[in-house]
Amino acid sequence: MSRVLRVLRATYARVRSDSVLLILLAGFVILQVVRPASVGELFTRIDQHTILTLAGLLMLTRAIDQSGFLDWLAQRLLRSFRTERRLALLMVTFAAVLSTLLTNDVALFAVVPLAQSLARIAPVRIERLIIFLALAVNAGSSLTPLGNPQNLFLWQRSGMGFGAFVVMMTPLTLALMAVLLVTCALAFDSRVLHFQRRGPRHEVRWSLLWIALALFVGFVVLADHGYAGWACAGVAVVLLAARRNAVFGIDWLLLAIFVLMFVVLRGVAGLPEVRAILGHVDFSGTGMSYAGAAVLSQFISNVPAAILLAEYSHNWPALAHGVAVGGFGLAIGSLANLIALRMADSKKIWWHFHWLSIPFYLVALFLGFLALKWV
């Protein structure tokens, strides 16, 4: 009984400290007061395929993280990079590549703690590095359907194949990464880093890693063919036997947030007043869909923007490019930004982030427009 109480108290503390979840809960209550909906109607607003795919990915990425492989690999890569510039470029590239498959949020949970541990053994400008890591996972995750929740949602809604989606997003991702790496090289100098002590030793659970990687391949294939439910169930069953905490230890509140996003934002999109306003805007055109997604993301984040605008536009390439660009600029543009800045535990980093992210957003806005001409 005491254990249950501890879990409930911990959950309550997490809910109370999660402003995004609290806002969505408040929005849900207000909507139910203004325009009550039945349980059945609320359930139909949820994109079950997207939620099941996200749940499966969270389990797989947690298993890979618990295998210890990522820390093991990063520590060995760092032995060859002794200057701050090379270290920063390595970490930014590593974060971007990781985010293409493990989602931008999960990639941050892997690389930010690693960067913080490295800062304790070498004089690395950690706040600046965390800012670039946030930008890196937003840029890298734009490449694949698995990179972030908005891509996952748009991929499922569009009916596009996995490979076709990657090809569509490749020009924008390459352009964003090129600009980011050049900016990173200018932001960090070539001074030699003198490591004060050895980093922690990481043991790899190789059996867990191989199981997770095999499941990952099968999961992607099944999800790509519309069997996310069976894929998610299979992953859960195998990991319950191999590593139970990889299932029970995922971020359930993150899943709750995305469920509420579907319920609340589709409810808002269905309001007569909202439909009257948005109904006067023609989102069928590429330019309007792209600009609408990129700008709206700055105010409600790119995941809600994708969910909301999908009700008014089926121009999937424009929406995908718009929400990818919308992840930059204001911190609220992407949940990954908020996660990274909160992990940094510094008030000043919020100002420093916007000094870099807003100009980057303006450049990305232009690059996204050019990239759409290749689609």
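Author: Let's start where H16 meets H18, with contact taken as heavy atoms within 4.5 Å. From helix H16, the residues involved are Thr 286, Ser 289, Tyr 290, Ala 293, Ala 294, Ser 297 and Gln 298. Facing them in H18 are Ala 318, Leu 319, His 321, Gly 322, Val 323, Val 325 and Gly 326. By class, this contact has seven nonpolar, seven polar and no charged residues (Ala, Val, Leu, Ile, Met, Phe, Trp, Tyr, Cys and Pro count as nonpolar, Asp, Glu, Lys and Arg as charged, the others, Gly among them, as polar).

Keep in mind that this is a predicted model, where local features need pLDDT of at least 70 and side-chain atom pairs pLDDT 80 or more, while totals for chains, interfaces and linings use all residues. Residues are numbered from 1 along each chain as its sequence is written, and side-chain values use heavy atoms, leaving out hydrogens and water.

H16 covers residues 286–300 and H18 covers residues 316–326 (helices are DSSP runs of H or I with at least four residues, numbered from the N terminus). Their axes come within 7 Å and cross at roughly 30° (axes are lines fitted to C-alpha atoms over the stretch in contact, with angles from 0 to 180 degrees between N-to-C directions). H16 and H18 are therefore roughly parallel to each other (under 35 degrees counts as roughly parallel, over 145 as roughly antiparallel).

Now compare that with H6 (residues 84–102) and H7 (residues 104–119), whose axes come within 7 Å and cross at roughly 155°. H6 and H7 are therefore roughly antiparallel. H6 brings Leu 87, Met 91, Phe 94, Ala 95, Leu 98, Ser 99 and Leu 102 to this contact, and among its partners in H7 are Val 106, Ala 110, Val 111 and Leu 114. Here the classes come to 13 nonpolar, two polar and no charged residues.

H7 also packs on H8 (residues 126–141), at an angle of about 160° with the axes 10 Å apart. That makes H7 roughly antiparallel to H8. Ala 107, Val 111 and Ala 115 are among the H7 residues in this contact, while H8 gives residues including Leu 129, Ile 130 and Leu 133. Twelve of the contact's residues are nonpolar, four polar and none charged.

Of the pocket's 27 lining residues, Arg 14, Phe 109, Asp 251, Leu 254 and Ile 339 are closest to its centre. H7 turns up again as one of the elements giving two or more residues to this lining, but H19 gives the largest share, five residues. The lining has 16 nonpolar, four polar and seven charged residues.

Three cavities of 30 Å³ or more are found as well, and the largest cavity has a volume of about 60 Å³, a volume being the space filled by probe spheres set on grid points joined across faces, edges and corners. Residues lining the largest cavity include Leu 54, Phe 153, Phe 258 and Ile 307. H4, H9, H14 and H17 each give two or more residues to that lining, which has nine nonpolar, one polar and no charged residues.

Conventions: Parallel < 35°, antiparallel > 145°, perpendicular 65-115°, else oblique. 1 Å grid on protein atoms, 1.4 Å probe; cavity = no way out; pocket = protein on both sides within 12 Å on 5 of 7 lines; lining within 4 Å.
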